Amino acid sequence: MQFPQGFLWGAATAAYQIEGSPLADGAGASIWHRFSHTPGTILNGDTGDVACDHYRRWQEDIEWMKRLGLNAYRFSVAWGRVLPTGRGAVNHKGLDFYKRLVDGLLQAGITPMITLYHWDLPAELQDCGGWANRDCAKWFADYACFMFRELGDRVPLWATLNEPWVVMALGYLWGQHAPGMRDIGAAAKAGHHLLLGHGKAVQAFRAQGLPNARIGIVTNLGPQQPASDSPQDQMVAALWHNFINRYFLDPIFRGEYPDTVINFIGEFAPKAAPDDMRIIQSQIDFLGVNYYTRNVLAYDASDPIGSRTVFQEGKLHTEMGWEVYPEGLYEILKWVYEEYGEIPLYITENGAAFPDTPNPQGEVDDPLRVDYIRTHLEQAHRAIREGVPLKGYFYWSLMDNFEWAFGYSKRFGLLYVDFETQKRTMKSSGRWYAEFIAGQRR
Ligand code: FCB
């Protein structure tokens with residue numbers, strides 16, 4: 001399995017999941033800080049107060065990346081570290097943290113990819129309505145523009161948003177994520193304003209004229225397949241496919257929302273102002289694909305949405321309850337390529353949580369994760385052989401971390417983290433990945 005020259009071999013993280021010290025050095029609280037401190041929201045009452053203590057241990061973490069042989073690293077900037085209230089006054093100490101991190105990565109020969117928004121909106125902006133407020137698109141673009149000015153000369157890869165679908169659905173519609181809302185109208189507005197913020201940020205990026213930097217967005221995608229060939233199962237699978245896979249990509253690539261979803265949400269459908277779709281369609285340089293699993297769907301009249309996910313008996317499932325389905329990575333990459341054309345793609349997240357436990361010698365053997373990575377890389381390679389312009393792979397995650405509503409109960413890392421001592425241990429999957437990457441370089 002030889003991947004193309006210049007392929008990026010990375011791992012991914014997000015600020016709130018690893019950094020800890022959420023209020024250090026003048027940072028403003030984020031909605032995730034607030035949410036995780038609200039009783040009953042997170043499993044075991046966990047918070048990101050300490051997480052992997054990466055805010056203080058970032059140098060050690062770069063050493064681990066070197067040991068893994070990574071040539072790329074995707075991380076996110078906590079908006080509120082840089083702009084504590086989300087707009088206006090700059091907190092230079094917070095900004096300096098990311099400058100040091102970027103310089104450290106470059107020195108180590110590791111290409112940084114920055115995600116500008118990985119879900120930690122400054123809490124003050126939520127008090128003004130968050131993404132449900134149209135102004136949030138502008139606040140985001142101003143923050144993005146500031147980051148391009150500060151780091152655009154050194155950071156070659158920029159992603160505006162991580163998984164806007166998850167922000168909209170889990171944050172505003174179903175309430176499992178911050179800000180914990182359950183309001184379909186607010187959700188549809190948030191979705192639209194996320195897109196608008198993305199488009200405005202892309203425009204700000206172009207206006208900076210950064211010759212060596214490229215910009216894109218990261219979306220969660222996956223096959224949504226019917227449980228049978230009955231017309232009803234096919235109909236619900238198509239609806240979910242349009243909702244999950246097309247709802248953000250159709251506007252970006254075509255300037256329109258998918259009809260079926262718009263008809264389904266009826267009176268709550270987002271209302272675009274005259275220029276919005278043109279802004280949202282601003283040309284991007286790459287698309288980031290986060291792939292974890294597929295969904296097999298059946299019609300179910302008793303469900304409010306009219307469907308249910310059918311558990312795949314006999315198939316391996318991760319700790320998240322997600323079916324391991326490597327072919328889905330190939331299928332979704334091919335679909336994106338056939339649907340939206342020649343855009344360079346990165347797998348910006350792919351990974352699995354398994355119940356890792358150190359043995360008495362302190363080693364962590366995780367053969368299931370080795371298989372997970374290997375079989376997904378095989379499918380990525382298959383897509384490349386068929387012409388898909390895939391440029392890199394970022395495993396989720398560099399290290400075990402705060403898995404949102406599941407707290408520290410789900411371990412996705414290549415590095416095992418002992419959350420009592422903050423000791424990192426490379427799992428066998430980390431060693432396997434390091435060897436695989438080294439083999440690609442030969
Ligand atoms: C994705 C998120 C990432 C991580 C993985 C498991 O949806 O982008 O932060 O939580 O899932």
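What volume does the largest pocket have?

1. About 1100 Å³. Of the 40 residues lining this pocket, W165, L170, T293, N295 and W322 sit closest to its centre. Keep in mind that this is a predicted model, where local features need pLDDT of at least 70 and side-chain atom pairs count only at pLDDT 80 or more, while totals for chains, interfaces and linings use all residues. Residues are numbered from 1 along each chain as its sequence is written, and side-chain values use heavy atoms, with hydrogens and water left out.

2. On terms: a pocket is an open set of points on a 1 Å grid over the protein atoms alone, where a 1.4 Å probe fits, with protein on both sides within 12 Å along at least five of seven lines; lining residues have an atom within 4 Å of a point. A volume is the space filled by probe spheres set on the points.

3. α8 (164-173), α10 (231-246) and β8 (295-299) each give at least two of its residues.

4. The second largest pocket holds about 310 Å³. Its 15 lining residues are 15 nonpolar, no polar and no charged; L173, I184, F243, F264 and I265 lie nearest the centre. Here α8, α9 (184-208), α10 and α12 (259-265) each supply at least two lining residues.

5. As for disulfides (cysteine sulfur pairs within 2.5 Å), the count is zero. C145 is too far for a bond, because its sulfur is 16 Å from the closest cysteine sulfur, in C136. C145 is buried (under 20% relative accessible area), at 19%.

Definitions and conventions: Helix = DSSP H or I, 4+ residues; strand = E, 2+ residues; numbered from the N terminus. Nonpolar A, V, L, I, M, F, W, Y, C, P; charged D, E, K, R; others polar. Buried < 20%, exposed > 50% of the residue type's maximum accessible area, 1.4 Å probe, protein only.
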